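This report covers charged side-chain contacts. The sequence and structure come before the details.

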Amino acid sequence: MNAALQALSNCPPLTQFFLDCGALARTDKKPAICKSYLKLMTELWHKSRPGSIVPTNLFQGIKTVNPTFRGYSQQDAQEFLRCLMDLLHEELKEPVMEIEDVHPTSVEENMEEDKSQSDLDFQSCESCNSSDKAENEASYKPLMEDPAESAMLIQDDENHSLVCKDWQKEKILCNKLNRTNSMEVLEKDMHSTSETAEFLNNQGTVKVQIHSRLSDYASGDVHTNDLSAAQSPPKSVSSWSPLAPSHKVPGMSSPKKKKQKRYRSIISDIFDGTIISSVQCLTCDRVSVTLETFQDLSLPIPGKEDLAKLHSASHQTSLVKAGSCGEAYAPQGWIAFFMEYIKSWFWGPVVTLQDCLAAFFARDELKGDNMYSCEKCKKLRNGVKFCKVQTFPEILCIHLKRFRHELMFSTKIGTHVSFPLEGLDLQPFLAKDSPTQVVTYDLLSVICHHGTASSGHYIAYCRNNLNNLWYEFDDQSVTEVTESTVQNAEAYVLFYRKSSEEAQRERRRISSLLNMMEPSLLQFYISRQWLNKFKTFAEPGPISNHDFLCVHGGVPPRKATFIENLVLMLPQNIWDNLYSRYGGGPAVNHLYICHTCQIEAEKIEKRRKTELEMFVRLYRAFQEEESPSTFYCISMQWFREWEGFVKGKDSDPPGPVDNTKIAVTKCGNVTLKQGADSGQISEETWNFLQTIYGGGPEVILRPPVAPVEPDILQTEEKIELETRGL
């Protein structure tokens, strides 16, 4: 946990989000991991932080949600990162406002078209062996070189938020969000370099150690609560997301009866990328294309034979012609290949990160047990699979597959993989129609594992964003190291960040405009969250003010009480420059509470109360029945969605009742699937829910009637005859 959190703490886009936009870390979900992480980052990066920090809440919260991390057994740093990033995304996610697209044709629609082999070249030349394959790297530029970057040290006297007590009066809002305060905050963000430099000169390198009260009892390395944060002037945090589809990217969800909502969070903004996978049938030449989302990239470490194929001149030629990952080796000729071969003969194979990427994106032949099911041929056919990156994320997490798990044992691959500290070029793996412009990445941090497959020790090497120096984080020990030490490390997980000189120039230009202080007749509100992207992203994308606006253009009632933490006011010349450069919007000169949303919220609240009260009444009556003749079964998955809605945890009602996962048809009758996640309700309750939401199918259980013994029947008949006689 120490190595993982130290690596994240030195990724600027994520840390800066929690420091600048901490008001967005709001959740009703337990155990509120985002609040614990916000507290940890605030303490780590405060100018007057203590010498040690105990992240007890975060530690206990992770164990509560994921039982895997309980106890003191050995755990994996990458699994911890996946768990943490997934929890942060789930707690911070917000629905994406649907905006009509001028070009309605989507990538998904184009995937259904038949394509020839020549059509395939523009899409991809690499192949993924699994849907988990993905690539993305993040670049890093030192803050000291860019005056537009904001320092991550929190000053003692900082107060970026205004108190807004009465939002029913719009004048109070406008008075609170005055031009002077907003300009001071933005100027402070854009011109923090001088303050940072002064702090560096006066304080030198600051070392912070995070200790755990449980560390004395911990036997493993990952599960201990020891976090040493030695940060010369502190750095910013980056978030990490798993390659496994722990959270889905907008538009990639499977269709349901209910219209699937799209969600985003700061985690998906930073770490999500997409790849296009193409499979060509070798019989009919039909090409099927799918779009896949990734949050990290798990790369294989190629062996000698794989390296020979990747580096051979003949293989290069065939791949380069197809526009494949062989482009990464195109400049290399026979001489360089021969020299590497000689080296590998004496000292073992020389493996680079580019080799791992090329192996990951190499074409994959689908034959034998892995034959491709062709929709056109309607049969299993031999095929070839390719893939390329459609969009690169801002920060790429690369996981090197160093562990092999067999049936009876596990082994570790100790091959050294060389990786660049700066200038990792991913152009060879980019799809030709990709909108991504920045494909160069710089290293932020490296997590290393020392030991065997069954036990070991984790350390992290991280680059400080404020002084551009590298530090080794080894539990309670934090040491400044050289770049050569980092390059010789046995990397396990790497964080890369996009690098863009153009983005830095743009930030410096806006910073110089702020110094001019032109008189402005109009003031514009802009999202703090987008400004954070502008300060830390290489490609911030269009301006988006929808995180504080509703579909009607007003402020949602639920965000009215803390709107001052969501927006910043800019003069007209700054807005004009940002808008002309990035587009987006909408432009906002006046903030007001949306009365339409207020009325809708009141209706929804009334509906929640009515449905909940009726359900409770019907369920009590059902429990009081001594021997009900029938039970109606309902999917607990749907019921939990409905429960979240009526209790106010989810803003939208669920879709139609969906019992398809708990039902099975036998002899024309719908019965309950054995072991299904279901609950039992009365017929009246079923009719009540079905009338409102519709759906189905009906799954009815009828309790068996106990058979009556023949002797008892004869006795009852005798008593009845005697009674009649009397």
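## Terms and basis

A salt bridge is counted when a side-chain nitrogen of Lys or Arg lies within 4 Å of a carboxyl oxygen of Asp or Glu. The model is predicted, so local features need pLDDT of at least 70 and side-chain atom pairs count only at pLDDT 80 or more, while totals for chains, interfaces and linings use all residues. Residues are numbered from 1 along each chain as its sequence is written, and side-chain values use heavy atoms, with hydrogens and water left out.

## Salt bridges and the network

In total, 19 salt bridges are found in the structure. A network of them links Glu-502, Glu-506, Arg-509 and Arg-581.

Glu-506 is buried at 8% relative accessible area, whereas Arg-509 is partly exposed at 31% (buried: under 20%; exposed: over 50%; partly exposed: in between; 1.4 Å probe, protein chains only).

## Two further pairs

Asp-677 and Arg-640 form a salt bridge with their closest N and O atoms 2.5 Å apart. This pair joins distant parts of the chain, 37 residues apart: Asp-677 sits in the loop between β30 (669-672) and β31 (678-681), and Arg-640 in helix α21 (residues 636-646). Asp-677 is partly exposed at 43% relative accessibility, and Arg-640 is partly exposed at 43%.

Asp-269 and Arg-264 also meet through their side chains in a salt bridge, at 2.5 Å from N to O. Arg-264 counts as buried, with 19% relative accessibility.

Technical notes. Helix = DSSP H or I, 4+ residues; strand = E, 2+ residues; numbered from the N terminus.
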